[in-house]
Amino acid sequence: MDARSKKQLEELRASSRSEHATLLMPSSDSGAPRTLGQRLADRITAIIGTWTFIITQTIIIVIWTGYNLSVGKSGFDPYPFILLNLFLSFQAAYTAPAIMMSQKREGEVDRFRAEIASNVNVKSDLEMYALHDKIDYLEGDIVTSLKEQLAQISQQLEEIRQKQG
């Protein structure tokens, strides 16, 4: 590669780097730090969305109901387990909004990531077009150079024919 082509390639890379910085900057503010409420919602969702939580809750309910059924009316929550119902209702009332808040934030993060991916795709397209232009330019140089060399060879052949004939 000659010096001129190397210089042009370096200029292309420099412009690409400057475009890259602005192109990958997302317009949304989803990269902002999470608030206390968002962190809490994410933690609650991370705990509730596990098999450990489901198994633990099932064991607690089985022990709760088993104990209260075995001791009968003297248990702390006799059948129909009104206190257990109350606790499960509270749990549902507080976890459902936390899960929805976490899903909403996760949707924002997904949109943020999709925007970055879109920007990267646009950037890749621009790079590809720039490379095509560079290849076309280099091919033009090569074709021009080959034409000049072919003309020189033809001229030299003509001179040799004239000397021989």
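Helix α3 is followed by Gly72, whose phi is positive, near 75 degrees. The model is predicted, and the values given here are computed from it.

Helix α3 comprises the 21 residues 51–71. At 1.5 Å a residue, a helix of this length should span 30 Å.

Three residues of α3 are buried, namely Trp64, Thr65 and Asn68. These residues cover an arc of only 85 degrees around the axis, so they fall on the same side of α3. An α-helix has 3.6 residues a turn, so residues three or four places apart point the same way. The partner of the buried residues is α4 (82–164), against which they pack. The face of α3 turned away from the buried side carries exposed residues. These are Trp51, Thr52, Val62, Ile63 and Ser70.

The loop between α3 and α4 holds Pro80 and Phe81. Both have backbone features of note. Most residues other than glycine have a negative phi, and most peptide bonds are trans. The peptide bond from Tyr79 to Pro80 is cis, with omega near 15 degrees. Phi of Phe81 is positive, near 55 degrees, although this residue is not a glycine. Phe81 has a relative accessible area of 12%. Buried means under 20%, and Phe81 is therefore buried.

Conventions:
Residues are numbered from 1 along each chain as its sequence is written. This is a predicted model: local features need pLDDT of at least 70, side-chain atom pairs count only at pLDDT 80 or more; totals for chains, interfaces and linings use all residues. Side-chain values use heavy atoms; hydrogens and water are left out. Helices (H or I, at least four residues) and strands (E, at least two) are DSSP runs, numbered from the N terminus. The expected span of a helix is 1.5 Å times one less than its number of residues. Buried means under 20% relative accessible area, exposed over 50%, partly exposed in between (1.4 Å probe, protein chains only). The arc is that of the directions from the helix axis to the C-beta atoms. Contact means heavy atoms within 4.5 Å.
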